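Work through these exercises with the model open beside you. Try each task before you read its solution.

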Amino acid sequence: MAREQSGISAEGNLHGQYLLFDCQEGNEAAIRNQLQEISHYLDEMAELYSDVAFSAFIAIGASYWDLLYPQSRPALLRPFPSLEQDDRHAPSLPYDLFVHLRSDRADINYMVSNEVCLMLEDLASLAHEVKSFRYLDNRDLTGFVDGTENPKGLHRQEVALVGDEDNDFRGGSYIHIQRYRHNLRKWNKLKQKQQEDIVGRTKQDNHEYSSFNKPKTSHIRRSGLKDEQGNPIEILRQSMPYGDMQEQGLFFISCCRTPLNFELMLRSMIVGDNKGHYDHLLDYTQAVTGAAFFAPSLRFFAANGQ
Ligand code: HEM
């Protein structure tokens, strides 16, 4: 069975740690072996630390995939869709590997991160690292609850995992990440009602605006898309806030059985509709990174190691 990696459709928890690696060329065989080891190790940790809901996944960069696994490629794997419109940008900053670790204990995340870095020593260099945290009752640092309309229960897996449509990659997931840096000074100058109009939900009670009252420039109007039959276009968001007293933002993560849904949402936010309605949240936050990956099933790693 093509079992998914534990972190893909896991429920939210308190702490996250994200490791982004660039791999040295020529090390592919050794890296394939290490990824088999690491995926097995992470699976063991998920069992050992199930009491603190430890979960993890490893994802391979879209432009690194062919070098690492030249025999086969997920059908829809493609680079991050970098976009630019007026002063809104979605830059692309590719990485070779993304290791996503989460649990309710920052010390466990630290310990496992350390082990993963040791296992990749001399093969890959750690290009970027971010620690994230739950803020209050699952709020983004703008003060709004984030994740409310995420798929629930078993539907999380239906949205996030590749199925029969690409049998060799069943149980895998297309991953997009963007690190957003908020301008909270500017955001906090807005009146609460102005902030609510930008998000499309109330701040304290997290009530969704009625369709009639939801501005075309609100975040949930721009990201809550439907297909031609009226069915919702969905992604599973695993985003969490990060930051300190100098820099704050959201580490946005999308997991989905197709890259198309994220691409459509991002375009709708940045470029907007044919009347120029873009997502006004983007006047207060800016993506500083963007990368596309594929997180294969545990079986894939096991079959492609030594
Ligand atoms: C700084 C960046 C972002 C912030 C602060 C943010 C915050 C939020 C908040 C507060 C909500 C409402 C509650 C909820 O349903 O979760 C929401 C909804 C949503 N966001 Fe974002 N988001 C950001 C970026 C993105 C991006 C880049 C995408 C996809 C490309 C996205 C997709 C969605 C979707 C699909 C929903 C649910 C819409 C609905 O059906 O109501 N978000 N986001």
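The exercises below go from the ligand to single residues.

This is a predicted model, in which local features need pLDDT of at least 70 and side-chain atom pairs count only at pLDDT 80 or more, while totals for chains, interfaces and linings use all residues. Residues are numbered from 1 along each chain as its sequence is written, and side-chain values use heavy atoms, with hydrogens and water left out.

**Exercise 1. The iron atom**

Find the protein donor of the iron atom of the ligand, and say which element holds this residue.

Solution. 
Step 1. Search for donors, that is, N, O and S atoms within 2.8 Å of the metal (3.2 Å for Na, K and Ca); water is not among the atoms, so sites may look incomplete.
Step 2. The only protein donor is NE2 of His219, at 2.0 Å.
Step 3. Helices (H or I, at least four residues) and strands (E, at least two) are DSSP runs, numbered from the N terminus.

**Exercise 2. Around the ligand**

Describe the surroundings of the ligand: which residues are closest, and which element gives the most to the shell?

Solution. 
Step 1. Count the neighbours, taking residues with a heavy atom within 4 Å of the ligand. There are 24, and the closest are Gly147, Thr148, Glu149, His219 and Arg237.
Step 2. Look at N and O pairs. A backbone N or O atom of Gly147 is 2.5 Å from a ligand oxygen. The side chain of Arg237 has an N or O atom 2.8 Å from an oxygen atom of the ligand. For His219, a side-chain N or O atom lies 2.8 Å from a ligand nitrogen.
Step 3. Sort the shell by element. Strand 7, helix 7, strand 10 (248-256) and helix 8 (260-270) each give two or more residues. Helix 8 gives the most, with four residues.

**Exercise 3. Helix 8**

Decide whether helix 8 is mostly covered or mostly open, and list what its buried residues pack against.

Solution. 
Step 1. Apply the cut-offs: buried is under 20% relative accessible area, exposed is over 50%, and partly exposed is in between (1.4 Å probe, protein chains only).
Step 2. Eight of the 11 residues of helix 8 are buried, so the helix is mostly covered. Among them are Phe262, Met265, Leu266 and Ile270.
Step 3. Check the packing by contact, meaning heavy atoms within 4.5 Å. The buried residues pack against strand 3 (83-85), strand 4 (88-90), strand 7, helix 7 and strand 10.
Step 4. Look past the end. Gly272 follows helix 8 and has a positive phi, near 85°.

**Exercise 4. Loop residues**

Say where Thr258, Leu136 and Asn206 lie, and describe each one.

Solution. 
Step 1. Thr258 sits in the loop between strand 10 and helix 8. Its relative accessibility is 17%, so Thr258 is buried. The Thr258 side chain reaches the backbone nitrogen of Leu260 at 3.0 Å.
Step 2. Most residues other than glycine have a negative phi. Leu136 has a positive phi of about 50°. Its loop runs between strand 6 (124-133) and helix 4 (155-160). At 59% relative accessibility, Leu136 is exposed.
Step 3. Asn206 has a positive phi too, near 60°. Asn206 is in the loop between helix 6 (192-199) and helix 7. With a relative accessible area of 15%, Asn206 is buried.

How values were computed
A residue is near a molecule or strand if one of its heavy atoms lies within 4 Å of it. A polar contact is a pair of N or O atoms within 3.5 Å; within protein, one must be able to donate a hydrogen and the other to accept it, and residues adjacent in sequence count only if both atoms are side-chain atoms.
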